Amino acid sequence: MAFITVSGYPSSGKSQRAAQLGRHLESRLADPSYTGPSLSVVLLSDGTLNIDRSSYNDSRSEKPARGTLFSANTTIIVDSLNYIKGFRYQMYCVAREVNVRVCTVYVLATPDLCKPWNSERTDGKACVPETLANLLQRYEEPSSMVRWDSRHSPLFTVSWTDEDVPADDIWRAITEGVMKPPNTPGNTSYFNGLLQVANAPTDALRTLEHTAASIVSALVSEQTNSGSLGGTTTITLSSTLKVRITPPPRNVTLSELQRLKRQFVTLHKKAIALVTTERGVVDWSEQSAADKFVVYFEENIKQ
């Protein structure tokens, strides 16, 4: 089994590239010279997942896309925006848990190209101008510096000028590439069906609380300085820690922010206290805590 994430702007040609890749893989699997395991190729898109384009106006309405994506003996191509790095990371972690090869295909096109392409669509899948502008602004490009986009998941960039996808390289990645295990050997073992992991650092809870509180304070300051929130905002928490967050286009009260922070910390306290988990080792770094809080905030804040 393999897992391929296709990412790119709306109307950048993702579905075309996903279809090209699907045809290449099916052709290679049907070739008499192929002697590997019997596999099938499944193409998942917003259409097959019944996700309307208007769903992207509200981060909470994107949850239906985050259903069960994995099945045995299948190569899955996820043809969706996949524009939030936190969601790509979530898929990367699930792929690691079931021990499959993964790669990311970044379909590159400029916003100036995507806008007319979107308006010219006749397949009923065009975004309304407001949604398109919002998604173009919020898009977080796959990066070769981020492990779930490239280090353990090869990143292939396909430009609008390319006639086809790099099928040979992608084929090697999903058939010969390294399958990253769920956790580092030596730090884990199995006990009564659960994955035994090392205890969380002693400062894990403080890191969660401090990082979430810093983001809350930064949002309050941003709202005070600009008069309102709305749109994607880059928050600098330190010289080495930055996050991109998309608050609702309204004034968010301090009590709302503090409530979300408390809920977020409470949600993770149990994982800190337990020695065993079904999800494997948890990253308790400040960057990970910040990314988790951003995802939690965007999914739970009232629009």
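**Holes, loops and cysteines**

Student: By class, how many nonpolar, polar and charged residues does the lining of the largest cavity have?
Tutor: A cavity is a set of points, on a 1 Å grid over the protein atoms alone, where a 1.4 Å probe fits but cannot get out; lining residues have an atom within 4 Å of a point. Ala, Val, Leu, Ile, Met, Phe, Trp, Tyr, Cys and Pro count as nonpolar, Asp, Glu, Lys and Arg as charged, and the others, Gly among them, as polar. Sorted that way, the lining of the largest cavity has 5 nonpolar, 3 polar and 6 charged residues.

Student: What kind of model is this?
Tutor: Residues are numbered from 1 along each chain as its sequence is written, and side-chain values use heavy atoms, with hydrogens and water left out. Local features need pLDDT of at least 70, side-chain atom pairs count only at pLDDT 80 or more, and totals for chains, interfaces and linings use all residues, since this is a predicted model.

Student: How much space lies in the largest cavity?
Tutor: The structure holds 7 cavities of 30 Å³ or more. Grid points are joined across faces, edges and corners, and a volume is the space filled by probe spheres set on the points. For the largest cavity, that comes to about 130 Å³.

Student: Which element gives the largest share of the lining of the largest cavity?
Tutor: Ile84, Glu140, Arg244, Val294 and Glu298 are the closest to the centre, out of 14 lining residues. Helices (H or I, at least four residues) and strands (E, at least two) are DSSP runs numbered from the N terminus. Helix 2, strand 9 (241-245) and helix 9 (286-300) give two or more residues each to this lining, and the largest share, 4 residues, comes from helix 9.

Student: Is Ser11 buried or exposed?
Tutor: Ser11 lies in the loop between strand 1 (2-8) and helix 1 (14-30), and has a positive phi of about 60 degrees without being a glycine. Buried means under 20% relative accessible area, exposed over 50%, and partly exposed in between (1.4 Å probe, protein chains only). Ser11 has 7% relative accessibility, so Ser11 counts as buried.

Student: What is the phi of Asn82?
Tutor: Asn82 is in the loop between strand 3 (74-79) and helix 2 (85-97), and its 3% relative accessibility makes Asn82 buried. Most residues other than glycine have a negative phi. Asn82, also not a glycine, has a positive one of about 45 degrees.

Student: How many disulfides does the count come to?
Tutor: Cys103 is buried, at 1% relative accessible area, and Cys127 is buried too, at 5%. A disulfide is a pair of cysteine sulfur atoms within 2.5 Å. By that rule the count is 0.

Methods
On a 1 Å grid over the protein atoms alone, a cavity is a set of points where a 1.4 Å probe fits but cannot get out, and a pocket is an open set with protein on both sides within 12 Å along at least five of seven lines; lining residues have an atom within 4 Å of a point.
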